[in-house]
Amino acid sequence: MKLYEEQAGQLIARESLWESLLLSHISPAIISIVGAGGKTSVMYQLAEELAAQGRRVIVTTSTHIVYPSAYQTVILQDPSELADFIWSGRILVVGGQIEEIPAMAGTVALRKLKGLNSADIHRLAKFCEILLIEADGAKQLPLKLPAAHEPVIIPETDTVIGCAGLDAVGKTWEQMCFRRELAEGLLGITKTRKIQPEDVARILTDSLGTAKAVGERAYRIVLNKADDEVRLDLAGKVIEAMHKIAQIPCVVTSFAKDK
């Protein structure tokens with residue numbers, strides 16, 4: 001994994017995602033991760049960095065995520081059940097139920113972890129130092145526009161991280177954008193026009209895009225899948241376009257795909 005922090009229009013190599021996002025400056029307790037193109041990878045990377053600092057972290061979702069095989073996972077109906085639960089490490093993944101997704105033609109069977117009732121998720125925070133919530137879904141596409149019911153950001157969230165995949169740039173909206181029909185209203189796109197860096201910047205910063213429901217909360221942006229020099233150059237163009245709209249801390253990563 002490679003990591004770059006944007007500073008004054010330059011991409012500076014860094015080691016820590018947590019520090020690069022300037023999260024230690026605000027000491028968040030509940031972080032919701034939204035958007036597309038690498039949310040799960042960002043969430044677990046933050047969890048691992050925090051665990052390495054000696055902090056207890058709960059990872060959960062207000063929608064659903066792939067059932068994790070690499071982390072201790074518990075299924076609960078009531079957060080109070082954690083009072084007597086014994087952790088095997090410093091990272092605990094919590095869900096409300098498991099959903100089995102049968103294999104279809106050309107696919108493999110999946111186990112999905114569905115979150116607790118949204119009204120109960122904030123109660124997990126009393127059992128950890130940091131609560132990380134994946135609060136959006138994008139059908140594994142690198143870009144998305146939220147529908148009326150999305151994202152599912154619980155009111156107690158104090159920080160939001162918006163994600164997008166750089167592999168969307170230069171491709172068609174049909175290929176790369178979840179709920180692409182909503183981009184027609186926001187950006188005036190046509191089916192033949194390909195995704196431009198300016199489009200990604202607008203989606204990440206707009207209140208009808210990834211920044212929807214952020215409100216007065218702290219907001220950070222992660223551009224994922226900067227896997228070569230071409231993508232790094234595209235990241236610079238997205239950031240330049242974003243800075244014409246708003247000054248939002250941004251980090252670029254080489255996460256290739258969600259865990």
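Helix H6, residues 197–205, lies across strand E12 (159–165) and strand E14 (218–224), and it runs at about 150° to E14. Please keep in mind, for this and for everything that follows, that we are looking at a predicted model.

Ten strands form an open sheet with mixed pairing, in the order E2-E1-E15-E14-E12-E3-E10-E4-E7-E6. The edge strands, each pairing on one side only, are strand E2 (10–13) and strand E6 (73–75). Neighbouring strands of this sheet are turned against each other by 25° on average, if direction is ignored.

Now to the backbone. Most residues other than glycine have a negative phi, and most peptide bonds are trans. Ala 8, in the loop between E1 and E2, has a positive phi, near 50°. Lys 225, in the loop between E14 and H7, also has a positive phi, near 70°.

Which of these counts as exposed, and which is buried? Ala 8 counts as exposed, because its relative accessibility is 82% and the cut-off for exposed is over 50%. Lys 225 is buried, because its relative accessible area is 10% and buried means under 20%.

Finally, a cis peptide bond joins Glu 150 and Pro 151, with omega about -15°, and Pro 151 is found in the loop between strand E11 (143–144) and E12.

Conventions
Residues numbered from 1 in each chain as written. Predicted model: local features only at pLDDT ≥ 70, side-chain atom pairs only at ≥ 80, totals over all residues. Heavy atoms only, no water. Pairing = 2+ DSSP bridges. Helix = DSSP H or I, 4+ residues; strand = E, 2+ residues; numbered from the N terminus. Axes fitted to C-alpha atoms, helices over the stretch in contact; angles between N-to-C directions. Contact = heavy atoms within 4.5 Å. Buried < 20%, exposed > 50% of the residue type's maximum accessible area, 1.4 Å probe, protein only.
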